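Please read the briefing below alongside the sequence and the 3D view.

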Protein chains: 2
Amino acid sequence: MIGSNGGVILSRMSAFVRRVPDGDNRERLVCADCGFVAYENPKIVVGAVVVSDEKVLMCRRAINPRKGFWTLPAGYMELGETAHEGAAREALEEAGAEIAIEGLLGVFSIARIGQVQMIFRARFANAGEPRFEAGEESLEVALFSWETIPWTEIAFPSVHWALQAWRSAGAGPLGQPVGNPPADPRGTHPMSGSAGAQA
Amino acid sequence: MIGSNGGVILSRMSAFVRRVPDGDNRERLVCADCGFVAYENPKIVVGAVVVSDEKVLMCRRAINPRKGFWTLPAGYMELGETAHEGAAREALEEAGAEIAIEGLLGVFSIARIGQVQMIFRARFANAGEPRFEAGEESLEVALFSWETIPWTEIAFPSVHWALQAWRSAGAGPLGQPVGNPPADPRGTHPMSGSAGAQA
């Protein structure tokens, strides 16, 4: 079982209770038997706006949530890797693309589901001959100019946010990464964005 | 029990085994009884370089690791909050300081211990009369000019990195956040920084 926040719900064989551990100030899952505290914290999603000749690489999701809708190559960061490495791994796994990361385009807090999303701007490692193909979690992968992005079939609000950040930054040097939009400063709206997409 | 990466080690009453779940590509802790997958992912540390009149707010740690050494107000981000809110909460909890966040100063991956550290630049909410006091996890809290920072008593390498980022950025608008230094691009060195501090 996975909670709506992606956190751990422990096996029913364990004797975990919810209480404030010594020296802490909020309730945690604590084993009544041995005192072990199972901390649940937000997870990091790493991804990239991969650009080639003013077009952006997008993936049509082969899995739920939002199967059939378009997203950026992105996913949960894993133990043992850096944020850059995680974003590059996701681009390879989901879009068959080897990328070179240029900088941090946006950092979005999605408090509703316990996520921080770090979205980088990247180019293809072989810029002259961009290669990509659908990975296991993608139905198809394609490059879109701004005008041809499938705006009515975007998977998540943060995909809109990242694409807007790319549009605003242009191709030049990156400045401060953008954050959540004023309309959803904490990432708590289940529905937002022009397509009414659901995170 | 907490693993060295901060991850969850489940109760000995559970029947968890390490295997690759269907549709995944790496080993996870899976309950042999019910199939529940206990994902372990990096955790987010949020903190701030809080500046007043060209001085930076630092805390001397009252707890291990590195008890007695100096650090920035920072700690694990919690479920239900944004990264900004987490950094502000830590400044309040550890240094009794109400802060206003200005932007993202540095993002550091510490692959060795499964962390991403997001360090913001901030000022005191009441800039004219900065207030601070040691919280439960601090022995003392103080403002230091660059020259008076206790360089030989810094708790962690990333404190050095964040302070250097502050120095480089100055008081002006913030650009791209800095990342790991070239000497430790993945955050894998247990010892680094001028004080030989240990993360």
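How many Å apart are the end C-alpha atoms of helix H1 of chain A, and what should its residues span? The end C-alpha atoms of H1 (residues 83–95) are 18 Å apart, and this agrees with the 18 Å that its 13 residues should span at 1.5 Å a residue. The expected span is 1.5 Å times one less than the number of residues.

This is a predicted model, in which local features need pLDDT of at least 70, side-chain atom pairs count only at pLDDT 80 or more, and totals for chains, interfaces and linings use all residues. Residues are numbered from 1 along each chain as its sequence is written, chains are lettered from A and ligands numbered from 1 in the order in which they are written, and side-chain values use heavy atoms, with hydrogens and water left out.

**Helix H1**
- Helices are DSSP runs of H or I with at least four residues, strands are runs of E with at least two, and both are numbered from the N terminus.
- Among the buried residues of H1(A) are Ala83(A), Arg89(A) and Glu94(A); buried means under 20% relative accessible area (1.4 Å probe, protein chains only).

**Domains**
- Chain A is assigned domain 1 (1–40) and domain 2 (43–169), with bounds from an automatic or database domain assignment.
- The C-alpha centres of these two domains of chain A lie 33 Å apart.

**Cysteines**
- Cys31(A) lies in strand S2 (residues 28–31) of chain A and counts as buried because its relative accessibility is 2%.
- Cys59(A) is buried at 1% relative accessible area, and Cys59(B) is buried at 1%.
- The structure holds 0 disulfides over all chains, a disulfide being a pair of cysteine sulfur atoms within 2.5 Å.

Technical notes:
Buried < 20%, exposed > 50% of the residue type's maximum accessible area, 1.4 Å probe, protein only.
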